[in-house]
Amino acid sequence: MLPKTLCVIDDDREYTEFLVQYMQNQGVAVTRYLDSNEALASEGVFDHGFYVVDLKLPGIDGLDVVRLLRRRTDAGVIVVSGKVGDTVFDEALNAGADMYLCKPVRFEQILLAVKAVERRVVARVTAAEVWKLDTKAMLLNTPKKVTVRLSDTDLTLMRCFLEAEGATVSQATIFERLGKEQTSDSDNWLHATVYRLRRRLEQATNEAVPLQSKPRVGYVFRAKLAAV
């Protein structure tokens, strides 16, 4: 089992060029960043289905990148690095990586590792309890039984995701439901609105929130969501 999308963050230009080509030949859409600052500043960086991260990066340290990813996504994360040291393996996994591979490593080995981690991720998500939306009380109950009170705007957004049943909700649909005209300047407003909802849920629950953006398309809630 392979993820649909993969993000590679590694400053080895030649190595990653061939890795990207190899993974694309397996049917995976790959985005590559040679600098961690560039990656983390990119729109939708937390929305990829899987991550392959080096530790020795220009910009933010690779371990810190893994920690940030783990706070924002439940996607699989594999560290592939030539960094040496007695504690490197422990540090990578303690930061949140699912697996550590030491360079040099064959692309076939990376592929097998991605498949192995992806199977566990999918199984974990499938078995997870649902997020429950109480539309009358304007409450969202998380799988860990944390209750978050929603604003009118938050509730409208969550209703959109509930009705979409896991499909992407278009920007046009959200604007219509919120009663706001879609203009050339409104995309930033919508992005900020969704970001505030995501941050509110993260701060209240200390859980990874499965609310992800689809650049220039819309947003998707990648978890089971049910009405109560």
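The following legends describe close-up views of a predicted model.

In this predicted model, local features require a pLDDT of at least 70 and side-chain atom pairs count only at pLDDT 80 or more, whereas totals for chains, interfaces and linings use all residues. Residues are numbered from 1 along each chain as its sequence is written, and side-chain values use heavy atoms, with hydrogens and water left out.

View 1. Helices (H or I, at least four residues) and strands (E, at least two) are DSSP runs, numbered from the N terminus. In H7 (residues 171–178), the buried residues are Gln171, Ile174 and Phe175; they lie on the same side of H7 because they cover an arc of only 100° around the axis. The arc is that of the directions from the helix axis to the C-beta atoms. Buried denotes under 20% relative accessible area, exposed over 50%, and partly exposed the range in between (1.4 Å probe, protein chains only). Among the elements covering these buried residues of H7 are helix H6 (152–164), strand S9 (169–170), helix H8 (186–205) and strand S11 (218–221).

View 2. Strands in the order S9-S11-S10 form an open sheet with antiparallel pairing; two strands pair if DSSP finds at least two bridges between them. S9 and S10 are the edge strands, each pairing on one side only. S10 and S11 run antiparallel and are joined by four bridges, with Lys214 opposite Gly218 in S11. Helix H6 lies across S9, S10 and S11, at about 70° to S11.

**View 3. The packing of helices H6 and H8.** The two helices pack at an angle of about 95°, with their axes 11 Å apart; H6 is therefore roughly perpendicular to H8. Axes are lines fitted to C-alpha atoms, for helices over the stretch in contact, and angles run from 0 to 180 degrees between N-to-C directions. Angles of 65 to 115 degrees count as roughly perpendicular, those under 35 as roughly parallel, those over 145 as roughly antiparallel and the rest as oblique. From H6, Thr153, Asp154, Leu157 and Met158 meet Thr193, Leu197 and Arg200 of H8.

View 4. Ser213 belongs to strand S10 (residues 211–214) and is buried, with a relative accessible area of 8%. Its side chain makes a polar contact of 2.5 Å with the side chain of Asp47. A polar contact is a pair of N or O atoms within 3.5 Å; within protein, one must be able to donate a hydrogen and the other to accept it, and residues adjacent in sequence count only if both atoms are side-chain atoms. Neighbours within four places in sequence aside, Ser213 contacts Gly44, Asp47, Arg198, Gly218 and Tyr219, where contact means heavy atoms within 4.5 Å.

**View 5. Strand S6 and its partners.** S6 pairs with strand S12 (residues 225–227) in the parallel sense over three bridges, and Leu133 stands opposite Ala227 in S12. With strand S7 (residues 139–141), S6 pairs in the antiparallel sense over three bridges; here Lys132 stands opposite Asn141. S6 and S7 form a hairpin with four residues between them, and Met138 in the turn has a positive phi of about 60°.
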